[in-house]
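Trainee: I have a model open and would like to learn how to read its features. Could you walk me through it?

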Amino acid sequence: MAETFMTPSDTPSKSAASFSISSSVLYKQLAALSGVIVNNPVVPILENFLFEIAVGKLKVTASDLQTSIITELVIEAQEEVKIAIPARILLDTLRNLPDQPITFAIDEHAYGIEIHAANGQYSLAGENAADFPQVVTVAGRVTVSMPAQVLKKAIQQTIIATSHDELRPAMNGVYMSFSETSAAFVATDGHRLVRYTRTDISVAAQESFIIPRKTLMLLTGLLSSDQAAVSITFGESSVHFQLSGTSMVARLIDERYPDYENVIPHNNPNQLAVNRASLLSSLKRTAVYANRTTHQIRLALGENTLQLLAEDLDFSNKAHEKLACDYTGQGLTIGFNAKLLMELLNSLDTKEVIMQLSEPSRAALILPQEQAAQEDILLLIMPVLLTPGA
């Protein structure tokens with residue numbers, strides 16, 4: 001018997017539930033959710049998007065068990081149906097379609113999906129929506145609201161200093177501490193520390209939480225300039241972010257955060273003020289000549305003088321530069337990991353930075369010379385032991 005195929009002009013089966021939506025609108029939303037989906041998840045159905053269709057509304061969920069993202073879209077639909085749809089093949093299909101109205105026809109009993117476009121039809125096999133894990137409901141302990149762009153800046157400012165060491169899980173996220181007068185966002189990997197404080201955010205009582213790095217990376221992809229505010233609800237073990245049209249639920253890191261305040265030095269008699277872009281450019285050039293393992297670079301400081309020195313004895317490489325600066329204090333030579341120092345400087349948008357130092361073995365503070373009235377940014381970097389040619 002010859003096989004027969006539905007032509008692009010054919011309409012969905014009368015027995016199938018269907019809905020219509022713009023291909024580009026759907027792709028944009030699914031792409032934002034797709035970051036949470038991992039390859040070869042512990043639960044195979046998590047390779048799918050969960051589609052929940054109701055009259056005039058489509059709810060899509062993606063999850064990796066630790067973090068779930070849910071978005072809602074307005075669609076043309078008259079039926080109610082739920083189905084799990086393979087994420088990769090659906091995204092690849094939508095990515096390569098020009099912007100146009102498309103129609104989904106879903107057979108909930110056979111788990112079949114047909115996508116009808118202007119010049120084509122695509123069929124794929126879904127899975128039972130009942131097998132998709134339910135999203136955790138967060139019982140609110142603390143709720144705080146803040147502008148989306150403020151939250152995005154707080155995340156971008158701190159996330160670079162989070163640790164990737166799985167043996168220290170508390171440092172694998174950003175520590176958020178709320179009080180009646182301010183909110184502090186802190187991250188450290190043991191070599192550097194970032195503390196970003198806002199005095200225009202507060203809660204009724206002192207509370208603190210640790211949010212995983214992956215959750216925050218996904219969240220920054222959802223935050224946009226057209227979103228006025230984000231509502232954050234913290235529970236005992238989970239956090240819920242509510243944006244316009246999209247929400248995220250994630251597990252918190254249940255660990256005690258290090259007492260970072262004790263690491264911050266308060267007596268720093270040596271002070272360097274230098275153009276951030278000039279220092280960054282000089283670091284990029286001289287770091288090429290540093291040891292490839294330690295990335296060590298030396299800062300030699302004297303009265304209004306700054307010299308950058310890098311050397312790699314293994315390859316007979318050496319670099320030396322001088323920079324104009326304002327420096328007050330004793331003569332000092334201190335070593336840093338150039339890669340970590342450059343990442344910290346890159347995170348700032350100020351014209352000049354101030355480095356506060358005490359001695360070669362103690363942490364250095366980096367502060368932006370100009371800051372908004374309601375924010376306070378403090379960067380800390382630990383020095384490295386100066387060794388010849390390293």
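**Pockets, cores and contacts**

Mentor: Gladly. Let's begin with a pocket and the strand behind it: β14 (residues 207–212) gives the largest share of the lining of the second largest pocket, three residues. Keep in mind that this is a predicted model.

Trainee: What is the volume of the second largest pocket, and which residues are closest to its centre?

Mentor: The volume is about 340 Å³. The lining has 17 residues, and Tyr 175, Ser 208, Glu 255, Arg 256 and Tyr 257 are the closest to the centre. By class, eight lining residues are nonpolar, two are polar and seven are charged.

Trainee: And how much space lies in the largest pocket?

Mentor: About 410 Å³. Its lining has 22 residues, with Leu 50, Glu 52, Lys 59, Thr 61 and Val 135 closest to the centre. Several strands take part: β2 (48–54), β3 (57–63), β4 (67–74), β16 (238–242) and β17 (246–251) each supply at least two lining residues. Here the classes are nine nonpolar, nine polar and four charged.

Trainee: Let's return to β14. What does Glu 207 contact, once neighbours within four places in sequence are left aside?

Mentor: Glu 207, which sits in β14, is in contact with Arg 141, Val 142, Met 176, Ser 177 and Phe 178. With Arg 141 there is a side-chain to side-chain polar contact of 2.7 Å. For Phe 178, compare sequence with space: Glu 207 is 29 residues away along the chain, yet the C-alpha atoms are 5.3 Å apart.

Trainee: Is Ser 177 buried or exposed?

Mentor: The cut-off for buried is under 20% relative accessible area. Ser 177 has 12%, so this residue counts as buried. Ser 177 belongs to strand β11 (residues 173–178), and a polar contact of 3.0 Å links its side chain to that of Gln 206. Beyond its sequence neighbours, Ser 177 touches Ser 182, Ala 183, Ala 184, Gln 206, Glu 207 and Ser 208.

Trainee: How should I think about a nonpolar core?

Mentor: In soluble globular proteins, nonpolar side chains tend to be buried together. In this model the largest nonpolar core has 103 residues, and those with the most contacts inside it are Phe 19, Phe 49, Phe 51, Phe 178, Phe 234, Leu 306 and Ile 366. Helix α6 gives the most to this core, six residues. A second, separate core has 14 residues, including Tyr 175, Val 186, Ile 264 and Leu 380.

Trainee: Which residues are buried in α6, and which residue caps its N-terminal end?

Mentor: Within α6 (residues 338–346), Ala 338, Leu 340, Leu 341, Met 342, Leu 344 and Leu 345 are buried. The cap is Asn 337, with a side-chain oxygen 3.0 Å from the backbone nitrogen of Lys 339.

Trainee: Finally, how many helices and strands does the whole protein have?

Mentor: Six helices and 26 strands. The C-alpha trace spans about 90 × 55 × 35 Å along its principal axes, and 51% of the 390 residues are buried. Among contacts between residues at least 6 apart in sequence, 66% join residues at least 24 apart.

Definitions and conventions. Residues are numbered from 1 along each chain as its sequence is written. This is a predicted model: local features need pLDDT of at least 70, side-chain atom pairs count only at pLDDT 80 or more; totals for chains, interfaces and linings use all residues. Side-chain values use heavy atoms; hydrogens and water are left out. Buried means under 20% relative accessible area, exposed over 50%, partly exposed in between (1.4 Å probe, protein chains only). Helices (H or I, at least four residues) and strands (E, at least two) are DSSP runs, numbered from the N terminus. A polar contact is a pair of N or O atoms within 3.5 Å; within protein, one must be able to donate a hydrogen and the other to accept it, and residues adjacent in sequence count only if both atoms are side-chain atoms. On a 1 Å grid over the protein atoms alone, a cavity is a set of points where a 1.4 Å probe fits but cannot get out, and a pocket is an open set with protein on both sides within 12 Å along at least five of seven lines; lining residues have an atom within 4 Å of a point. Grid points are joined across faces, edges and corners, and a volume is the space filled by probe spheres set on the points. Ala, Val, Leu, Ile, Met, Phe, Trp, Tyr, Cys and Pro count as nonpolar, Asp, Glu, Lys and Arg as charged, and the others, Gly among them, as polar. A nonpolar core is a set of buried Ala, Val, Leu, Ile, Met, Phe, Trp, Tyr and Cys residues joined through side-chain atoms within 4.5 Å. Contact means heavy atoms within 4.5 Å.
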